[in-house]
Amino acid sequence: MTDADKVFQSYGRSCNSPSFYEDFYSNFMGKSPEIRAMFTNTDMTSQRSLLRGGIMWLVMHARGMSDTKIRALGESHSRSKMNINPMFYGMWLDALVDTLEKHDPDFSQELEQSWRNALRPSIEMIQSMY
Ligand code: HEM
């Protein structure tokens, strides 16, 4: 199985629990007060469901889907729109890994590496569009 296939299955085991997205944002906001501040006026109920789709786009891009959705994220998170500095994506990915570790019963260090490898190209594309 490729990294992308392993990640697709791992997300399948994790993505159905609403607490996955609550835990993700609590992990992510816990990484930096600057990150927490960005979500003070956000409706977190809808944000959690937007993230559910967003992670799926990254996973599908890793599996060979077109980069249209990734480019849309690059655009919306860019300097002239939401102004998300590229340095925050490392914390985003660490928060995702922390969350997967808790929610995927089959999580392992090897699977963590598969996630990091599979998502790297999409994240680099979003960062490069800043
Ligand atoms: C909004 C996904 C990384 C901060 C969104 C939205 C999605 C999303 C789907 C909804 C709007 C849209 O479609 O553009 C993602 C994914 C990420 C990522 C998949 C990783 C690759 C980040 C990072 C930050 C961030 C690193 C930095 C703190 C925000 C903020 C909003 C947002 C502030 C708007 C919230 C609001 O509407 O109040 N993100 N995001 N995102 N994201 Fe991200």
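Which of the 18 residues around the ligand come nearest? I looked them up, keeping in mind that this is a predicted model, and I found that M38, T42, S76, H77 and W92 come nearest.

Next I looked up where the ligand is placed, and I noted that the ligand sits in the largest pocket. The elements that give two or more residues to the shell around the ligand are helix 3 (33-38), helix 4 (44-62), helix 5 (68-76) and helix 6. Of these I marked helix 4, which gives the most to the shell, with four residues. I then sorted the shell by residue type, and I wrote down 13 nonpolar residues and five polar ones, with no charged residue in the shell.

I went on to the polar atoms, taking one side chain at a time. In T42, a polar side-chain atom lies 2.6 Å from an oxygen atom of the ligand. For S76, I noted that an N or O atom of the side chain is 2.6 Å from an oxygen atom of the ligand. For H77, the ligand atom in question is a nitrogen, which is 2.9 Å from an N or O atom in the side chain.

My last entry is about S108, which I found in the loop between helix 6 (88-103) and helix 7 (109-128). Is S108 buried, exposed or partly exposed? I recorded S108 as partly exposed because its relative accessible area is 31%, a value that lies between the limits of 20% and 50%. I also compared positions, and S108 and S66 are 42 residues apart in sequence and 29 Å apart in space, C-alpha to C-alpha.

Notes
Residues are numbered from 1 along each chain as its sequence is written. This is a predicted model: local features need pLDDT of at least 70, side-chain atom pairs count only at pLDDT 80 or more; totals for chains, interfaces and linings use all residues. Side-chain values use heavy atoms; hydrogens and water are left out. Buried means under 20% relative accessible area, exposed over 50%, partly exposed in between (1.4 Å probe, protein chains only). A residue is near a molecule or strand if one of its heavy atoms lies within 4 Å of it. A polar contact is a pair of N or O atoms within 3.5 Å; within protein, one must be able to donate a hydrogen and the other to accept it, and residues adjacent in sequence count only if both atoms are side-chain atoms. On a 1 Å grid over the protein atoms alone, a cavity is a set of points where a 1.4 Å probe fits but cannot get out, and a pocket is an open set with protein on both sides within 12 Å along at least five of seven lines; lining residues have an atom within 4 Å of a point. A molecule sits in a cavity or pocket if more than half of its atoms lie within 2 Å of its grid points. Ala, Val, Leu, Ile, Met, Phe, Trp, Tyr, Cys and Pro count as nonpolar, Asp, Glu, Lys and Arg as charged, and the others, Gly among them, as polar.
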